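Hello,

Here is the structure I promised to pass on. My notes on its rings and surface follow below.

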Amino acid sequence: MADTSIDYREDVASGSLAGDVRDYIALLKPRVMSLVVFSGLAGLLVAPGEIHPLLAAVAVLCIAVGSGAAGAINMWYDRDIDAVMSRTQDRPIPAGRVDASEALSFGIALSAGSVMLMGVAVNWAAAALLGGAILFYVFIYTMWLKRSTPQNIVIGGAAGAFPPMIGWAAVTGDVSMASVVLFALIFFWTPPHFWALALYRCGDYAKAGVPMLPVVAGDRETKKQMLIYTVLLLPLGLAPWYLGVAGWIYGLTALAMGLVFLAAAIAVWFDDSDKSAKRMFGFSIFYLFVLFAMLIADRVNGPWM
């Protein structure tokens with residue numbers, strides 16, 4: 001009887017094994033993409049001015065595709081450490097369901113297509129921001145920072161903070177203080193969000209040689225940094241209200257959510273187990289979702305909000 005496992009490995013090595021549609025969707029990191037799209041949509045909706053609904057849909061599509069394209073290139077580059085980490089071992093490339101070169105070509109094609117479509121159909125300011133976000137994520141974060149510094153997620157977090165600014169530029173054709181505030185909101189949210197994950201996945205990162213803060217500086221320093229960032233995030237979450245981008249209901253919601261987020265960071269500080277870190281990681285996603293949902297609700301129900 002033939003050794004099918006050998007045949008399988010040969011197929012992977014030769015690139016003859018093609019993944020199905022689900023594997024190519026997985027390359028786009030759909031869970032990450034959903035938050036990117038939501039924040040991009042919020043930036044588009046709260047921006048002053050009008051945009052045709054069809055062009056708005058095209059802009060959101062381009063943000064989604066650009067985000068997914070960057071994720072696919074990230075998976076291509078990180079395929080070696082993804083194969084080591086238990087959290088990522090089943091991704092399409094390390095699992096052998098998609099050839100690495102195909103994933104790279106897929107990501108490059110989608111990157112170029114999303115930026116060109118944004119420029120031609122919407123405006124080139126939004127296209128430039130989208131292209132910059134993709135390049136930043138691929139070259140600055142993935143290829144440079146991630147494996148070289150424990151501040152990888154701090155600086156690299158800028159890539160994930162671009163979507164609301166891109167959505168804003170799709171409507172206005174420029175960048176304003178309000179859109180910079182939306183960028184900063186995600187930028188300062190990213191470190192405590194990812195460090196909460198890194199605290200209870202520290203072994204995975206250490207095994208893969210990724211210098212996440214808990215691996216390099218230890219749990220105590222990581223928890224301190226998380227606490228600092230959540231303190232800074234509290235007034236920043238209120239900034240859209242200060243600037244008149246959102247109303248008082250958003251302001252009260254942002255204050256309440258910020259205080260809960262801060263309480264979660266304090267709980268992590270006093271907890272030697274992983275339980276509080278896991279809860280904080282889950283809540284951090286909910287926190288950002290609620291704030292941008294309230295920005296959208298404020299835009300839709302402006303007079304009442």
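Does Trp-248 count as buried or exposed? Trp-248 counts as exposed because its relative accessibility is 52% (buried is under 20% relative accessible area, exposed over 50%, partly exposed in between, with a 1.4 Å probe and protein chains only).

Before the rest, please note that this is a predicted model, where local features need pLDDT of at least 70, side-chain atom pairs count only at pLDDT 80 or more, and totals for chains, interfaces and linings use all residues. Residues are numbered from 1 along each chain as its sequence is written, and side-chain values use heavy atoms, leaving out hydrogens and water.

Trp-248 is in helix α14 (helices are DSSP runs of H or I, at least four residues, numbered from the N terminus).

Now to the rings. The structure has 14 aromatic pairs (ring centres of Phe, Tyr or Trp, the latter by its six-membered ring, within 6.5 Å; planes under 30 degrees apart are stacked, over 60 edge-to-face, the rest tilted). One of them is the stacked pair of Phe-38 and Phe-289, with 4.9 Å centre to centre and 20° between the planes. This pair links distant parts of the chain, 251 residues apart: Phe-38 belongs to helix α3 (residues 30–46) and Phe-289 to helix α15 (residues 275–300). Phe-289 counts as partly exposed, because its relative accessibility is 40%.

There is also one aromatic cluster, formed by Phe-162, Phe-183, Phe-187, Phe-188, Trp-195 and Tyr-229.

Best wishes

Note on methods:
Helix = DSSP H or I, 4+ residues; strand = E, 2+ residues; numbered from the N terminus.
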